[in-house]
Amino acid sequence: MTTNLEADLVVVGAGPVGLYGAYYAGVRGLSTAVVDALPELGGQVTAMYPEKLIYDIAGFPAIKGRDLIDGLIAQAAPFSPTYLLGESAESLSYDAGEPVLRTSAGRAIRCRAIIITGGIGKFSPRPLPAGGEFTGRGLEYFVPKVGEYADLDVVIVGGGDSAVDWAGTLLPIARSVTVVHRRERFRAHEHSVRELHDSAVRILTNCEVSAVHGNGRVEAVDIVHLPTESIERVDAQAIVAALGFVADLGPLTGWGLNITSRRIEVTTTMATNLPRVYAAGDIVAYPGKVRLIAVGFGEVALAVNNAAVAIDPSLDLFPGHSTQTV
């Protein structure tokens with residue numbers, strides 16, 4: 001586990017943006033190591049919503065998270081990136097002007113540039129205040145296998161994109177789906193909210209889950225209507241708590257990066273304030289930033305191309321179109 005490595009480029013984060021970066025680095029002829037604290041490729045997509053449909057990937061009206069990750073892995077495979085999973089990027093130093101990254105496994109990776117694509121960093125779900133004792137026994141924060149919800153009464157708690165998207169995904173296979181949100185308005189994409197209201201999902205706003213009942217597993221929930229304090233008991237064999245996540249950039253905060261509100265500041269070349277360190281995806285901040293996977297793909301392509309020139313100034317910034325390399 002402590003074997004030292006050398007690579008032209010280290011990508012920190014193995015989510016969609018990091019995997020596309022590994023592919024694009026291969027196109028530029030760079031050897032690449034990809035480091036991620038999670039045990040599987042795919043980052044948040046694999047950990048949180050592998051079965052959920054994603055709608056903002058160019059060329060795909062909709063694609064499951066798992067299928068997107070499989071495609072990105074296959075796209076990068078011809079260039080043989082080295083994947084270092086279950087290892088956190090701990091510290092950064094420089095030797096003769098070149099970065100040296102040390103991981104939580106005690107590994108030192110000497111490289112010529114780094115691209116950080118860590119999404120929101122390390123993350124953990126916000127807990128449901130009621131019913132924590134049922135976690136893993138009907139109460140879940142992620143839905144790795146949609147089929148497990150077939151013919152169940154499902155209560156989804158939350159009002160963001162994840163809650164709304166899970167409601168639409170589970171409705172065709174569950175016996176019933178109820179969405180509980182403590183506010184009147186949803187925070188999800190407007191089109192998704194319209195589809196939710198037009199569907200057979202039962203929507204309870206200004207409400208909270210106040211208690212969870214069951215004998216070993218979830219059997220019912222109490223839902224309190226906040227303005228009136230009235231309580232309704234609803235049959236449920238499954239609860240999906242989509243209440244958001246607590247993010248932590250972890251050791252990255254000690255690298256000396258310019259960080260604002262847990263986002264790394266970058267220039268138009270995706271360069272950070274540190275030499276030969278770039279960043280792309282949800283983890284970056286700049287004026288006009290939009291946090292979409294599609295945007296992250298373009299950002300990491302910019303980062304790779306600019307890193308390639310920093311590594312070898314004789315290279316052109318624009319590598320040519322991919323159709324020219326086939």
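This is a predicted model: local features need pLDDT of at least 70, side-chain atom pairs count only at pLDDT 80 or more; totals for chains, interfaces and linings use all residues.
Which residues does Ala-285 touch, not counting residues up to four places away in sequence?

**First stop: Ala-285**

Please select Ala-285, which is found in strand E24, residues 284-285. Leaving aside residues up to four places away in sequence, Ala-285 touches Arg-263, Ile-264, Glu-265 and Val-266. Ala-285 and Val-224 are separated by 61 residues in sequence, and their C-alpha atoms lie 39 Å apart in space.

**Second stop: helices H1 and H3**

Select residues 16-27 for helix H1, then residues 65-76 for helix H3. The axes of H1 and H3 come within 8 Å and cross at roughly 20°. H1 is therefore roughly parallel to H3. As H1 passes H3, the crossing is left-handed.

Show the side chains next. From H1, the residues in the contact are Pro-16, Leu-19, Tyr-20, Ala-22 and Tyr-23; these meet Ile-69, Leu-72, Ile-73, Gln-75 and Ala-76 of H3. Coloured by class, this contact of H1 with H3 shows nine nonpolar residues, one polar residue and no charged residue.

Keep H1 on display and select helix H6, residues 293-311. The axes of H1 and H6 come within 9 Å, crossing at roughly 35°. The crossing of this pair is right-handed.

On the H1 side, the contact comprises Pro-16, Val-17, Tyr-20, Gly-21, Tyr-24 and Ala-25. Their partners in H6 are Ile-293, Gly-296, Phe-297, Val-300, Ala-301, Val-304 and Asn-305. The contact of H1 with H6 divides into 10 nonpolar residues, three polar residues and no charged residue.

Select residues 161-170 for helix H4 and residues 190-198 for helix H5. How do the axes of H4 and H5 cross, and at roughly what angle? They come within 10 Å and cross at roughly 45°. H4 and H5 are therefore oblique to each other. The crossing in which H4 passes H5 is left-handed.

Val-164, Asp-165 and Ala-167 of H4 form the contact with Ser-192, Val-193 and Leu-196 of H5. By class, the contact of H4 with H5 holds four nonpolar residues, one polar and one charged.

Select Val-157, Gly-158, Arg-182, Glu-208 and Leu-243, the lining residues nearest the centre of the second largest pocket. In total, 15 residues line this pocket, and about 260 Å³ of space lies within it.

Now highlight strand E14 (176-181) and strand E16 (207-214), each of which supplies at least two residues of the pocket lining. Strand E16 gives the most, with three residues. To finish, colour the lining of the second largest pocket by class: eight residues are nonpolar, three polar and four charged.

Conventions. Residues are numbered from 1 along each chain as its sequence is written. Side-chain values use heavy atoms; hydrogens and water are left out. Axes are lines fitted to C-alpha atoms, for helices over the stretch in contact, and angles run from 0 to 180 degrees between N-to-C directions. Helices (H or I, at least four residues) and strands (E, at least two) are DSSP runs, numbered from the N terminus. Angles under 35 degrees count as roughly parallel, over 145 as roughly antiparallel, 65 to 115 as roughly perpendicular and the rest as oblique. A crossing is left-handed if the near helix is turned anticlockwise from the far one by less than a right angle, and right-handed if clockwise. Contact means heavy atoms within 4.5 Å. Ala, Val, Leu, Ile, Met, Phe, Trp, Tyr, Cys and Pro count as nonpolar, Asp, Glu, Lys and Arg as charged, and the others, Gly among them, as polar. On a 1 Å grid over the protein atoms alone, a cavity is a set of points where a 1.4 Å probe fits but cannot get out, and a pocket is an open set with protein on both sides within 12 Å along at least five of seven lines; lining residues have an atom within 4 Å of a point. Grid points are joined across faces, edges and corners, and a volume is the space filled by probe spheres set on the points.
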